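Reader: Hi, I'm new to this one. Can you walk me through how the inside is packed?
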Amino acid sequence: MTEPAQALKPKPILLWCHPRSCSTAIVRAFQNHPQIKVAHEPFPHTMNFSNADNIENKPAFPISETSPWYNATRVDIASILSENKLHEPDEKTGKIVAGPEDGKVIFIKDMAQYSLPNAEFRNHRDLKTKFVAEDFPDELAKDISQIQNESVKNPTVFPVSLLRKFTHAFLIREPERAVPPFLKGLKEMGLKGPDGEELDPAVTSGYVMYLEQRMLYNFFTDPNSEFNTAPRLPEEEGYIDQPQPPPLIDASDLLKDPPAVLKQFCDAVGLSFDPAILTWRNDKPVKEFDLPWNSFYKRAETTTKFEVDERKPEDIIKEVAQNERETVAKIIKTWRPDYEYLLARRTITAAA
C-alpha cells in the first residue's frame, strides 16, 4: 500500500508593504488565525533602536547601551523569525533571543524599504525626495529606472540563503489613498524638518515605497535572479516553495471581498483559511502597536473588521493642507507607474 504524501509545511510568511496600504488591518486579521503568530514591523523597530543597524549611523530614538536592541541587527531578527519563532528581548542577558517553538507559523508584516542595506536606504530615500523636489531631473530619472529594472542581484541586507526561508508576498494600495494619509501620519508623529521647521511634504516621497516593492518583486520573480538560482537548502525540504509569481494583493480587492481574497492568500502561502480572521476585537490596546509611530495604527486599533473606503481621491487629498496638495499630487503621479506595474501582476482578486 502506498503511503500518502505528507503535506508540505508553510514557511514563515513575509508580507512586503508600503505605508497606509491597509497592512495593519491584515495584522489584526492574522492575529486571530489559530495557526499564526504575528511579528509586526520588526525591521523598522530594529533600525530605529539599534546602534549596530540603523539609518543614520545612530539610533533614531534614545536607547540604553544595556538594551537588548542596542546591538541587534535585522539579520539577527530575521534569522530567529525564519525558524517560526518570535524574537524576544531578554533584559537579563541584554540580547534578543528566540521565543519558544509552539508549532505556529510566523506572519511578518513589514515595509519594503526596510529590506535595504543602511547606505542604500539613505540613497533611495534621498533620491526619491530629490526627484520630486527638483521636478524630475533626467539624471535622477536614470537612477530611478535602474532600480526599477534591476532584478538579478540581491538588493537587500539579508543573505539569499535567509530570504529563501520565507514565503514572500506583497500588499499594495493606490497612491491616491495611501500618500495623503501618510503625510498626515508623519505630521501627527510630530516629525519636523532638520532645523525644526514645518515638514516639507516632498520628504514624504522618500518613504513612499512602491519603487522598493517593485524592486523586490522583480528580484523574487526573475528566474535568473540570485534568489531563484541559489541551490536549494537542506532545511527547505518539507516546506512549500516560494509561489511564483508571489501572492500580490491590492487593498481595494481586500476591502471589497475579504473572505475571497484572504482564502486565496491562505491557499497560496500554505495556510488553512479560518473565518476567524474576518473580524477582531477592539476592546483592549494591541501591544504590538506600542511604538513611537503608533499614530499610524490608531484606525486599525479601533476597527473590528475590514471596511470599504468610500471616499473619493479628491476628498482624501483634503487631509493635507492646501499649500501641500500640489506636492502631494506630484508624489502620487511620480510613483503611480510603479503601483500600476505591480497592480498588473496581482495574483489575488475579489470575486467577480
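Author: First a term: a nonpolar core is a set of buried Ala, Val, Leu, Ile, Met, Phe, Trp, Tyr and Cys residues joined through side-chain atoms within 4.5 Å. Buried means under 20% relative accessible area (1.4 Å probe, protein chains only). This is a predicted model, where local features need pLDDT of at least 70, side-chain atom pairs count only at pLDDT 80 or more, and totals for chains, interfaces and linings use all residues. Residues are numbered from 1 along each chain as its sequence is written, and side-chain values use heavy atoms, without hydrogens and water.
Reader: Which residues touch the most other members of the largest nonpolar core?
Author: Phe30, Phe107, Phe265, Phe306 and Trp335, out of 96 residues in that core.
Reader: What is phenylalanine 265 in contact with, leaving aside neighbours within four places in sequence?
Author: Ile13, Leu15, Phe30, Phe107, Ala169, Pro247, Ile249 and Ile348. Contact means heavy atoms within 4.5 Å.
Reader: New topic. At what angle do helix 2 and helix 3 pack?
Author: About 150°, with axes 9 Å apart. Axes are lines fitted to C-alpha atoms, over the stretch in contact for helices, and angles run from 0 to 180 degrees between N-to-C directions. Helices are DSSP runs (H or I, at least four residues), numbered from the N terminus. Helix 2 and helix 3 are therefore roughly antiparallel, the word for angles over 145 degrees.
Reader: Which residues make the contact?
Author: Pro42, Phe43, Thr46 and Met47 of helix 2, with Arg74, Ile77, Ala78 and Leu81 of helix 3.
Reader: And where do helix 7 and helix 14 meet?
Author: Helix 7 brings Pro175, Glu176, Val179, Pro180 and Leu183, and helix 14 brings Val328, Ile331, Ile332, Arg336 and Tyr339.

Technical notes
Buried means under 20% relative accessible area, exposed over 50%, partly exposed in between (1.4 Å probe, protein chains only). Helices (H or I, at least four residues) and strands (E, at least two) are DSSP runs, numbered from the N terminus. Angles under 35 degrees count as roughly parallel, over 145 as roughly antiparallel, 65 to 115 as roughly perpendicular and the rest as oblique.
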